[in-house]
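Trainee: Could you take me through one part of this structure slowly? I would like to look closely at the aromatic rings and then at what surrounds them.

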Amino acid sequence: SSGSGASGEKVLKVGSSIDFAPFEFQDEGQAEYQGFDMDLIRAIGKEMGYKVEVSNIGFDGLIPALEAKTVNVLISGMTINDERKQKVTFSAPYYESGLTMVVREDEQNIKKFEDLKGKKVAVQMGTTSAKEVKKLEGVEVKELNTPADCFMELKSGGVDAVVNDRPVNDYFIQKSGQTGVKALPERLTSEDYGIAVAKDDKELAEKIDAALKKLKDSGEYDKIYAKWFGD
Ligand code: GLN
């Protein structure tokens, strides 16, 4: 369950993989983690009367950290799915996402997911992208640590495509001014993000849901959304 600080103050010990702009990232020279998820969890904590402390944990290690009770909340662009529901309790969905792919700008042969047959594709380890791309026939999958590693591998010619969450692909190309690559419009999946707590921590999940609902009703959620994604 939720932790207490030295002063008796309640603390949300949050785990997040800080490699997923615009949801969680860190700008050079800035101490604070930024992004939609970071603003949302801070607003949720404030609503609940909890202090929020975020630890940067690789995506692959998030659920294990929750199970080990190193943290008590995960927010990390994490898709709600049945496999994860065996291990964690999710909040209500808070963001609608899905998977798209990124290829080099001069790519002629890959226009749709079916064109990936016989191609090399980079995905982030432990993600729904890794899971979904492995289901495609005849694709050579390279699992790397972060989306940035995947994009680098694409640019250097080590792979032919990157499959990753649509808003992260779009942000990478538009907001970070990346050239030489493009995102394709086809969506492989539609996925909802949820905030995860330990499987037996239903009470904390309910508190988070209540706070999320308040933020939606008050318009605060919309403000945070507009800040990162426009209206
Ligand atoms: N939404 C994807 C998943 O849950 C990717 C999340 C991420 O890389 N932060 O697997």
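Mentor: Let's begin at one ring: Lys 216 lies over the face of Tyr 221, 4.9 Å from the ring centre. Please keep in mind that this is a predicted model. The predictor's confidence, averaged over the protein chain, is a mean pLDDT of 95, and 96% of the residues reach 70 or more. For the complex, the predictor gives an ipTM of 0.97 and a pTM of 0.95.

Now look around that ring. Tyr 221 belongs to one aromatic cluster, together with Phe 20, Phe 23, Phe 36, Tyr 94, Tyr 95, Tyr 193, Tyr 225 and Phe 229. Pairs of rings can also be counted, taking rings whose centres lie within 6.5 Å. By this rule there are 19 aromatic pairs. Take Tyr 94 and Tyr 193 as an example: their ring centres are 6.1 Å apart and their planes meet at 55 degrees, so this pair is tilted. Tyr 94 sits in the loop between β5 and β6, while Tyr 193 is in strand β11, so the pair ties together parts that are 99 residues apart in sequence.

From the rings, let's move on to a helix. In α5, which spans residues 147-155, the buried residues are Pro 147, Cys 150, Phe 151, Glu 153 and Leu 154. Seen down the helix axis, they fall within an arc of 160 degrees, so they line one face of α5. Which elements cover them? Among them are the strands β6, β7, β8, β9 and β10, along with helix α6. Just after α5, Gly 157 takes a positive phi of about 90 degrees.

One of those covering strands, β9, runs over residues 161-165 and includes Ala 161. Ala 161 counts as buried because its relative accessibility is 0%. Leaving aside residues up to four places away in sequence, Ala 161 touches Met 101, Val 102, Val 103, Leu 116, Lys 120, Val 121, Ala 122 and Leu 154.

Technical notes
Residues numbered from 1 in each chain as written. Predicted model: local features only at pLDDT ≥ 70, side-chain atom pairs only at ≥ 80, totals over all residues. Heavy atoms only, no water. Phe/Tyr/Trp six-rings, centres within 6.5 Å; stacked < 30°, edge-to-face > 60°. Helix = DSSP H or I, 4+ residues; strand = E, 2+ residues; numbered from the N terminus. Lys NZ or Arg CZ within 6 Å of the ring centre and 35° of its normal. Buried < 20%, exposed > 50% of the residue type's maximum accessible area, 1.4 Å probe, protein only. Contact = heavy atoms within 4.5 Å. Arc of directions from axis to C-beta. pLDDT = per-residue confidence, 0-100.
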